[in-house]
Amino acid sequence: LDFLIVTDAQSKVVYSSNEKSSEGVQTFNASEVIAKGTGIYADSENNVYVLSAIKLTTGKEHIGYLIGGIDYDKQDLLDQLKEMLGVDFTIFFKDVRKATTIIQNGERVLGTKLRSDVADIVLNQKQNYENKTTILDEPYMTMYTPVLDKAGNAVGVLFSGLKITEIEASRSKSMLLSVGTALTLLIAVAIVMLVYVNKGIK
């Protein structure tokens with residue numbers, strides 16, 4: 001787990017080990033996390049996490065929630081994967097870029113939106129999308145993979161891309177398929193970890 005948060009019955013934070021959350025702020029709708037189960041959520045400031053929550057009670061009185069979380073947009077993980085594989089990665093929450101290894105003028109390219117035609121295929125139709133495209137004037141072979149929540153809804157997108165000038169197209173395509181699958185499994189493992197932690201707390 002990256003952090004634990006304790007809230008009152010109205011989801012207001014009373015304790016947080018998460019530096020992005022502060023006391024008195026409603027960072028998550030904890031009752032929604034309870035109802036929908038472990039999955040990917042955004043807080044009130046649009047930070048994105050894999051979350052699990054349990055209701056805290058004393059006798060029959062509901063006094064708050066305990067929330068366990070893992071950062072969805074772990075930048076250091078993407079950087080490590082790029083260093084190992086030579087592949088650029090981006091994590092989108094819905095259609096907004098939340099973490100990336102793509103850098104322009106010394107800064108990460110964040111907050112930009114997925115192209116509408118790609119979003120339709122990946123988020124609405126829940127299908128992988130692969131294509132050659134140009135990113136910052138460089139030709140890439142790219143793969144976009146939907147991230148699904150517990151209910152099967154597409155809540156985000158995982159992007160992987162290789163510069164065509166660096167690796168031949170046939171090998172690139174094979175690697176991108178493997179990388180896309182690996183990233184999806186990493187998110188799934190994080191969710192499974194939280195499920196087991198949640199059961200352990202209960």
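What percentage of the 202 residues in the chain do buried residues make up? Buried residues, meaning those under 20% relative accessible area, as against exposed over 50% and partly exposed in between, with a 1.4 Å probe and protein chains only, make up 42% of the 202 residues. The model is a predicted one, in which local features need pLDDT of at least 70 and side-chain atom pairs count only at pLDDT 80 or more, whereas totals for chains, interfaces and linings use all residues. Residues are numbered from 1 along each chain as its sequence is written, and side-chain values use heavy atoms, with hydrogens and water left out.

View 1. Helices (H or I, at least four residues) and strands (E, at least two) are DSSP runs that are numbered from the N terminus. The accessible surface, computed by the Shrake-Rupley method with a 1.4 Å probe, where for residues only the protein chains shown count as cover, comes to about 10,700 Å², and 50% of it belongs to carbon and sulfur atoms. If contact is taken as heavy atoms within 4.5 Å, then 45% of the contacts between residues at least 6 apart in sequence join residues at least 24 apart.

**View 2. The open sheet of five strands, in the order 7-6-12-11-10.** The pairing in this sheet is antiparallel, two strands being paired if DSSP finds at least two bridges between them. Strand 7 and strand 10 (129-135) stand at the edges with a single partner strand each, so one side of each is left without a neighbour in the sheet. From one strand to the next the twist averages 30°. Strand 11 (residues 138-148) and strand 12 (residues 154-163) run antiparallel and are joined by nine bridges, and Leu148 stands opposite Ala154 in strand 12.

**View 3. Helix 2 and helix 3 against strands of the sheet.** Helix 2 (residues 75-85) lies across strand 6 and strand 7 and runs at about 150° to strand 6, while helix 3 lies across strand 10, strand 11 and strand 12 and runs at about 125° to strand 12. For these angles, which run from 0 to 180 degrees between N-to-C directions, axes are lines fitted to C-alpha atoms, for helices over the stretch in contact.

**View 4. The salt bridge of Asp88 with Lys82.** A salt bridge is a side-chain nitrogen of Lys or Arg within 4 Å of a carboxyl oxygen of Asp or Glu, and a search of the whole structure finds four of them. In this pair the closest N and O atoms are 2.8 Å apart; Asp88 counts as buried at 6% relative accessibility, whereas Lys82 is partly exposed at 31%.

**View 5. The salt bridge of Lys113 with Asp95.** The closest N and O atoms are 3.7 Å apart. Lys113 lies in the loop between strand 9 (107-108) and helix 3 (116-124), and Asp95 in the loop between strand 6 (88-93) and strand 7 (96-100), so the pair ties together parts that are 18 residues apart in sequence. Lys113 counts as exposed at 57% relative accessibility, whereas Asp95 is partly exposed at 21%.

View 6. Val96 is partly exposed, with a relative accessible area of 24%. Not counting residues up to four places away in sequence, Val96 touches Ile91, Gly111, Thr112 and Lys113. Val96 and Thr112 are 16 residues apart in sequence, and their C-alpha atoms are 5.8 Å apart in space.
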